[in-house]
Amino acid sequence: MGSTFLTQFGVDNYDGLEKYTVSGTSQSTVLLQKKKKMKEVQQELDRKKLEYEQRMRKCKEKEQDLAEKQEKIRESVIRFEKFVKENDAKRTRAMKREKDEISSRMQKELEIAALTQTLTEHTRLRHRLLRMVEKLSVYEAYLESVLEPSDEFEEVAQLTKRHDTLTHTNQDLRSIVEKGNEDIEEMRATLSLFTKEKENEILVATSNIAGHQKRADQMRNDNSKVEQELMFRDNAYNDRKRRLGECKMAIANIYQRCKKGNVPYENMNDFGRLLDYIQNRMLDLGAICRMQKEAHEW
């Protein structure tokens, strides 16, 4: 059909038809390319949008993680502040406990002194009671010895009553003595514990004294070294002073020899002037020697 169409229009018309056909094809191709490009752009836009959403989601996740970390840090700070406050409270309680223990120790020392005084009094009371028992025993023996020849006690009941009375008295005295012995044992135990504590304190103090003694020995050694160094410096200073004196004496001697005799009424301590004079004298003598030598050569 196309060949028929071309035959009817002729060769001349075929060129224009070809141009028209090519132009229509180009527009379709361009349109397809544009659509393809638009599709690619849309796909790229969708991809960018998806990428943007993913990035935003990651940002939100990171923001949420950061908020959680900040919350954990805030909780850690709160716990640390609480820990510091608890430590301060513990330190305050410990200081208070230390003061209480010091006060309690002082109170115990006072109680020990009082108990020692009580022990002394009980000991004295025990001795008195023992002497009283001895006296009562003598009385009892005496009553038994005088029972038969005595007319005072007609019945045994009277003597038994007297014996019972003395027995009860003796029992009371023994109870007092036993109570005193128990108190003494308790006080001895307390005294032993107190003595042990004080011995431990003495050992600690002795250890501290040994440390101080060691430091004192070290300081004495350092002091000895310093004294030796000072002695060395004094010896060096004296040696320099001696050498300086010898130099001054030598300068004065040379000056006097240059002056050909003693030099009265002159300041011999102006060594700069003396050295200048000696230098000038030596120059003069050198010049005289050179002149004499030149004269002999002529």
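Tutor: We will take the labels one at a time. This is a predicted model, in which local features need pLDDT of at least 70, side-chain atom pairs count only at pLDDT 80 or more, and totals for chains, interfaces and linings use all residues. Residues are numbered from 1 along each chain as its sequence is written, and side-chain values use heavy atoms, with hydrogens and water left out.

Student: What makes up the protein, in helices and strands?

Tutor: There are 3 helices and 0 strands. From the N terminus on, the order is α-α-α. Helices (H or I, at least four residues) and strands (E, at least two) are DSSP runs, numbered from the N terminus.

Student: Why is C258 called buried?

Tutor: Buried means under 20% relative accessible area, exposed means over 50%, and partly exposed lies in between (1.4 Å probe, protein chains only). C258 has 12% relative accessibility, so C258 counts as buried.

Student: And what about C247, buried or partly exposed?

Tutor: C247 has a relative accessible area of 46%, so C247 is partly exposed. Of the 298 residues of the protein, 7% count as buried.

Student: How many disulfides does the structure hold?

Tutor: The structure holds 0 disulfides. A disulfide would be a pair of cysteine sulfur atoms within 2.5 Å.

Student: Which residues form the largest nonpolar core?

Tutor: They are I251, Y255, C258, F271, L274 and I278. The elements that give two or more residues to this core are α2 (156-259) and α3 (271-297). A nonpolar core is a set of buried Ala, Val, Leu, Ile, Met, Phe, Trp, Tyr and Cys residues joined through side-chain atoms within 4.5 Å. In soluble globular proteins, nonpolar side chains tend to be buried together.

Student: Which residues does I251 touch?

Tutor: Leaving out residues up to four places away in sequence, I251 touches F271, L274, L275 and I278. Contact means heavy atoms within 4.5 Å.

Student: Why is I254 called partly exposed?

Tutor: I254 has a relative accessible area of 40%, so the label is partly exposed. I254 sits in helix α2. C-alpha to C-alpha, I254 and L275 are 9.3 Å apart in space, and 21 residues apart in sequence.

Student: How do you know that E71 and R74 form a salt bridge?

Tutor: A salt bridge is a side-chain nitrogen of Lys or Arg within 4 Å of a carboxyl oxygen of Asp or Glu. The closest N and O atoms of E71 and R74 are 2.6 Å apart, so the pair qualifies. Both lie in helix α1, 3 residues apart, about one turn of the helix. Side chains of opposite charge can pair when their charged atoms come close.

Student: What makes E185 and R188 a salt bridge?

Tutor: Their closest N and O atoms are 3.3 Å apart, so this pair also meets the rule. By this rule the count comes to 16 salt bridges.

Student: Why are E246 and R242 about one helical turn apart?

Tutor: Because they are 4 residues apart in helix α2. Elsewhere, salt bridges that share partners join E44, R47, E51 and R55 into one network.

Student: Which residues form a nonpolar patch on the surface?

Tutor: F80, F83 and V84 do, with about 290 Å² of accessible area together. Accessible areas come from the Shrake-Rupley method with a 1.4 Å probe; for residues, only the protein chains shown count as cover. Patches are made of residues with over 30% relative accessible area and no salt bridge: like charges are joined within 9 Å, nonpolar side chains (Val, Leu, Ile, Met, Phe, Trp, Tyr) within 5 Å. V84 has 31%, so V84 passes the area cut-off.
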